[in-house]
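My entries follow the display.

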Amino acid sequence: MMNDRLSAALGRIAPSATLAMSGRVIDLKSQGIDVIGLSAGEPDFDTPEFVKDAAIQAIRDGMTKYTAVDGIAPLKQAIIAKFKRDNGIEYTPKQITVNSGGKHTLFNALVATIDTGDEVIIPAPYWVSYPDIVQFAGGTPVIVMATAAQNYKITPEQLEAAITPKTRWLILNSPSNPTGAAYDAAELKELGAVLLRHPHVMLLSDDMYEHIWYAQAPFATMLQVCPELYDRTLTMNGASKAYAMTGWRIGYAGGPAWLIKAMADLQSQSTSNPCSISQYAVLAALNGPQDFLRERNVAFRERRDLVVAMLNDAPGLSCPTPEGAFYVYPDATGVMGKTTPKGKKIETDADLIDYFLDDYRVAAVHGGAFGLSPGFRISYATSSDILKEACTRIQAACAALT
């Protein structure tokens, strides 16, 4: 058996459930099957033309060599300006890291700081990669449940109860993948007050969906409302979601200089620098016009409202209205235990998702992948016409259950 040659670290992780479902959709479409894929967390908008032009110009200018391990100096300056402009946070170049996507940023930070036995608090529903990266690094994910009844957000009391002497990090993703839930300034301040009582706990603030925001109050990140946490907070962001640059693979973060250096040391022995052309593209994105972000948010909001309304009309589903990102996370409690027209009992949300895909050709991701069942995630980053058809199919699927 070749499996005995695999590392123990590899055995602590599983393939991404979201990517696995996307693979199933690709396979079905290649067979000519009419399937609607709502599993991928990817904007359907194109990368802005001025960003593409900057990348092409970088190629023509010969910007194709190795760069500094964790980012070119002009991009670091643009990131510094972004944090100051959008979030009121001051950083120096030594406090900025640039990586090959947000997942790479998370991997570097956690692998560089976690030892065996260290605990990382992760609110659920969570992005699928958080617990796996923690486990790969030898740490222990401590999952704190945030149900639909509490708008998928943890409370200060839950956070307090989860902290132990072994706690190393809290990962806080707002707006959230997979729920779209977002913490307002007052809620962040309450969570920050808990962290202030526990100086050994660091905060990883994942702000990847910052610019996909619908609430009336402006977006807030932890350091805006609790600057006392500055020396132990890593504020992470990237170009993938807001600028529709998922394939360009650039994530970045600002944080304590000692942590940024540690992440660079790790990166120097793994991937080395992020793609040079992608760095120049993100430089243009951050320094260029930002008006299109608001325009795209109008479209996202309309899609959100459409999907929430139609899913709430599906028998047995209850869908909260998210404040940001481009996901909804319906509670499927009302359909558990029911039976499909083919006689299969829906015992789990994985059964429900298989039913949607096999019988109605709609692909979503089951809630178990995100740590909270029964439910599922739908990405509404596609056209309204496609979303209407998908939700009509889901309504029919739920209505057919007995």
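**Entry 1**

I began with β11 and β12, which run antiparallel and are joined by 2 bridges. Helices and strands here are DSSP runs, with at least four residues of H or I for a helix and at least two of E for a strand, numbered from the N terminus. Two strands pair if DSSP finds at least two bridges between them. His366 has Phe376 in β12 as its bridge partner.

Before going on, I noted that the model is predicted, that local features need pLDDT of at least 70 and side-chain atom pairs pLDDT 80 or more, and that totals for chains, interfaces and linings use all residues. Residues are numbered from 1 along each chain as its sequence is written, and side-chain values use heavy atoms, with hydrogens and water left out.

Next I looked up β9 (residues 327–328). This strand pairs with β12 in the antiparallel sense over 2 bridges. Val328 has Ile378 in β12 as its bridge partner.

Which order do the 3 strands take in this open sheet? I read it as β9-β12-β11, with antiparallel pairing. β9 and β11 are the edges with a single partner strand each, so one side of each has no neighbour in the sheet.

I then checked the side chains of β12. Phe376 and Ile378 point one way, Arg377 and Ser379 the other way, and all are buried. Buried means under 20% relative accessible area, exposed over 50%, and partly exposed in between, with a 1.4 Å probe and protein chains only.

**Entry 2: helix α13**

I moved to α13, residues 349–360. The helix has 12 residues and reaches 16 Å from first C-alpha to last, close to the 16 Å expected at 1.5 Å a residue. The expected span is 1.5 Å times one less than the number of residues.

Thr348 caps the N-terminal end of α13, with a side-chain oxygen 3.3 Å from the backbone nitrogen of Ala350. Just after the helix, Arg361 takes a positive phi of about 60 degrees.

Which residues of α13 are buried? I listed Asp349, Asp351, Leu352, Ile353, Tyr355, Phe356 and Leu357. Their cover includes α2 (17–30), β10 (362–363), β11 (365–366), β12 (376–379) and α14 (384–399).

**Entry 3: the seven-strand sheet**

I traced an open sheet of 7 strands in the order β2-β8-β7-β6-β5-β3-β4, with mixed pairing. β2 (96–99) and β4 (140–145) are its edge strands, each pairing on one side only. Neighbouring strands are turned by 20 degrees against each other on average, direction ignored.

I looked at one pairing in detail. β3 (residues 119–124) and β4 run parallel and are joined by 6 bridges. Glu119 stands opposite Thr140 in β4.

**Entry 4: aromatic rings**

I found 18 aromatic pairs in the structure. Rings of Phe, Tyr and Trp (its six-membered ring) pair if their centres lie within 6.5 Å; planes under 30 degrees apart count as stacked, over 60 as edge-to-face and the rest as tilted.

Why is the pair of Tyr329 and Phe370 edge-to-face? The ring centres are 6.0 Å apart and the planes stand at 75 degrees, so the pair is edge-to-face. This pair links distant parts of the chain, 41 residues apart: Tyr329 is in the loop between β9 and α13, and Phe370 in the loop between β11 and β12. Both residues are buried.

I also noted a cluster in which ring pairs link Phe45, Tyr209, Phe300, Phe326 and Tyr327.

**Entry 5: two loop residues**

Thr179 sits in the loop between β5 (167–173) and α8 (185–196). Is Thr179 buried or exposed? With a relative accessible area of 4%, Thr179 is buried.

Its side chain makes a polar contact of 3.2 Å with the side chain of Ser176. A polar contact is a pair of N or O atoms within 3.5 Å; within protein, one must be able to donate a hydrogen and the other to accept it, and residues adjacent in sequence count only if both atoms are side-chain atoms. A polar atom of the Thr179 side chain also lies 3.0 Å from the backbone nitrogen of Ala181.

Not counting residues up to four places away in sequence, Thr179 touches Pro125, Tyr152, Pro322, Tyr327, Val328 and Tyr329. Contact means heavy atoms within 4.5 Å.

Ile154 lies in the loop between β4 and α7 (156–162). Ile154 counts as buried, at 4% relative accessibility.

How values were computed:
Axes fitted to C-alpha atoms, helices over the stretch in contact; angles between N-to-C directions.
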